[in-house]
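Thanks for coming. I have one structure to go through today, so please bring it up on your screens.

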Amino acid sequence: MNILKFGGTSVANAQNISLCINIVKQKKQTAPVVVVVSALGGVTDLLLSAAISASEKSEDYKQVLEKVESRHLEVIKTLVPATGQSSVLSHAKRELNRLETLLDGCYLLEELSERTKDLILSFGEVLSSYIISEVLKAQDEDAALADSRELIKTNSRFGKAVVNFEITNALIADYFKAKKHDIFVMPGFIAQQADGHTTTLGRGGSDYTAAIVAAALDVESLEIWTDVNGIYTANPKIVKQAEPIPYITFEEAMELSHFGAKVLYPPTIQPILNKDITLHIKNTFEPEAHGSTINKVPEVKSSNPIRGISNVDDITLITLEGPGMVGVAGFSKRLFEVISKENINVIFITQASSEHSICLGIAEAEAKKAETAINAEFDFEIKQLKIYPAIIENGLSIIAVVGENMKNFQGLSGRMFSSLGKNNINIRAIAQGASERNISAVIDKKDVKKALNTLHETFFEDATVQLNLFVMGVGNVGEKFLDQIRSQYNYLKDNLKINVRIAGLSNSKKMYFDEEGIDLANFKSLLQSGEATSTDGFVSKIKELNLRNSIFVDNTASDVVAGSYAQYLKNSIAVVTCNKVACASEYSNYKHLKSLSRQYNAPFLFETNVGAGLPIIDTLKNLVASGDRVHKIQAVLSGSLNFIFNNFDENNSFHDVVKQAMAEGYTEPDPKIDLSGIDVKRKLVILIRESGYEMEIDDIETHSFLPEECLATTNNEDFLQSLKDHAEHFNNLYAQARAQYSKLKFVASFKNGKANVSLQFIPADHPFYNLEGKDNIVLFSTDRYADQPLIIKGAGAGADVTASGIFADVIRIGNK
């Protein structure tokens, strides 16, 4: 005997029912088929809505009833040939009239008892099973309708009736022994108590019906046909990378179903578990797909001890604690007894080894009832200050990592909590059984999506790290950065196992977000369709999206944007920046940002602050970390100034060269920042601080080569004009250098706690003399590099190299 169950989307409409019938016809070729069906998709919810509306004296139930009638009649008219429709329509309308009478009664009495509710809800399964059986008959199939109420007997606990298996198993066995048909169609979900009243089997009741029949007939396997390819490693609606689990044990399936895996519910497994009946979860719309196979011992074992990750939302954590609990017997017994009396299901339990507190996780809807009952039970102890009133925490969820073989692998819990911690996911409580089949944690509901994706990435995604980037600034540097990300996307994914996704973009006017990833080929048009830019709004949106491995990338030179870094770091959002403002600000702010980075495990990387794409800061960090000590720094740190002085001569005016540097993106948007020495001072103070010294930018002595009139200008147009007006001043500087057989270089120096920046005449034997183009050079004299300084030299300006430096920082985070 083949036992098949169809429900949900599989029987949502006529087209899907046809697919189910095709599967049934194939299966009947090997053995007779028992088909258990749910109500047409969505009908059960409609029936419940109609019943509640009627009992609340709302005539809305009539409109809902019309929808229910329309769905059933449409299926009949589509699937039953016109010549045979009359009797089927007449029967369906009689049933619908009975349903209407019941709802009218609820309306008149303003009452909805649990018994009446079960009867109303039963109409969905009764009608769908009748219609499908008639469709099969109309197609000349040897089909019969078997009424589940005549075969499955329960107690009178309406809404979630308990099956009397002794009577039920005998009735099912006798029925199918006596009846001989190719196909039997049965309604799922419904049963009957001893006095003949209809009962329902609760959530997942149709699956449960199929399992009851399979166990009673002692078949080899049971197939549940749904709209997905089996049980997934995580909820595919939340974790896009989730995959079907091909083989899984009953115990693992029960754990996952208990913790929210919607494909399967725990009661389904119970009847078939002891008989070792294999359960197959299959996809009606992809019948050739393997799906998930569930049995005691998986046919194929996986090297991964983790089978799946699941969650339960809308959880309340109730904590009972107090000094009077320590060493006193009976507190736990009384607590669980009072919870049991209130018929409240406990989902999660943990207790401190000190016995000072007990935590329970229950459904949020039952929190108030539980709080009242617990405080009443322990009223005397609360008044005596032996224990405290129940502590209630709402808005929580439980996440669970499940695997039968977890107990044989060390470090799984460490990996789990480490990956959650890195993404600023706070854990409120932890529970783990001795079998180590399940590790559960209570977290804020808002963090569930990030937590599931983080854990799935940790345990299932071949060590691939998903980075979610939020990029502010898409000008010269920003656009080059996006181009590099786009061109290297496949390389990063295939070779470095880093999947980079741009989830947010902003320029000075607009910002745009897409948590699935922005199409970089069209980012300009998408950005134009975005909302108005706001620094605080950008921060808020990133926090709202709450994506794992989030990185804020600052490609601006804005002090306002630099002032927002603390907000990102406090939320464990990494910061990568080429903006020097933050690290060159007050020393206390610099230290504060570094401290936040360590405290919240959020990388704060600014390699491009000095030398664009050159590994200057990274090299310096490694020197200091390895115990070396920097005594002296000599550097040409402005690629823009080096470009200017390398190209300025008797044939090229200072004004023209500066204008060219601006056009080619070598200077800051305000070129005076470069030419006044401010930019070099910022870079020098950053190097000094990264060397382990405390220094403010104002402590650096500045010898400006610009006339006061040039420094006093307020816009680029006036500044460039002032350079023309003082052409003689700049020509004199060039002439003096040439007379001394030297070159003009703007040099940054640090020694013995003192620092300065100035334009210097560099002789031919100096390392700086042959520094060409826009190159930077840094000389570090340290304990280890005392005789000959450590030299780092290369291109230190330009959008491409700056973007590559930012890119390198992003990769550092991905590789961490």
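This is a predicted model: local features need pLDDT of at least 70, side-chain atom pairs count only at pLDDT 80 or more; totals for chains, interfaces and linings use all residues.

Start with strand β19, residues 498–506. Is it buried or exposed? Of its 9 residues, 9 are buried, so the strand is largely enclosed by the rest of the structure. One partner is strand β18, residues 465–472, which pairs with β19 in the parallel sense over 8 bridges. If you want a place to look along that pairing, Val471 stands opposite Leu505 in β19. To get from β18 to β19 the chain passes through helix α16, residues 476–496, and this β-α-β crossover is right-handed.

Another partner of β19 is strand β20, residues 510–513. Here the two strands run antiparallel and are joined by 3 bridges. Gly504 stands opposite Phe513 in β20. Between β19 and β20 there are 3 residues, and the two strands form a hairpin.

Next, the cavities. How many of 30 Å³ or more turn up in a search of the whole structure? The search finds 3.

Now the two loop residues. Thr713 is in the loop between α27, residues 708–711, and α28, residues 716–725. Its relative accessibility is 14%, and buried means under 20%, so Thr713 counts as buried. What does the side chain of Thr713 reach? That side chain reaches the backbone oxygen of Cys710, at 2.8 Å. Not counting residues up to four places away in sequence, Thr713 touches Lys672, Asp718, Phe719 and Ser722.

The other one is Ala557, in the loop between β22, residues 550–554, and α19, residues 559–562. With a relative accessible area of 44%, Ala557 is partly exposed. Leaving aside neighbours within four places in sequence, Ala557 is in contact with Asn579, Val581 and Glu668. Take Asn579 from that list: it lies 22 residues from Ala557 along the chain, yet their C-alpha atoms are separated by 5.0 Å.

Definitions and conventions: Residues are numbered from 1 along each chain as its sequence is written. Side-chain values use heavy atoms; hydrogens and water are left out. Buried means under 20% relative accessible area, exposed over 50%, partly exposed in between (1.4 Å probe, protein chains only). Helices (H or I, at least four residues) and strands (E, at least two) are DSSP runs, numbered from the N terminus. Two strands pair if DSSP finds at least two bridges between them. A crossover is right-handed if, with the strands pointing away from the viewer, the path from the first strand over the helix to the second runs clockwise. A polar contact is a pair of N or O atoms within 3.5 Å; within protein, one must be able to donate a hydrogen and the other to accept it, and residues adjacent in sequence count only if both atoms are side-chain atoms. Contact means heavy atoms within 4.5 Å. On a 1 Å grid over the protein atoms alone, a cavity is a set of points where a 1.4 Å probe fits but cannot get out, and a pocket is an open set with protein on both sides within 12 Å along at least five of seven lines; lining residues have an atom within 4 Å of a point. Grid points are joined across faces, edges and corners, and a volume is the space filled by probe spheres set on the points.
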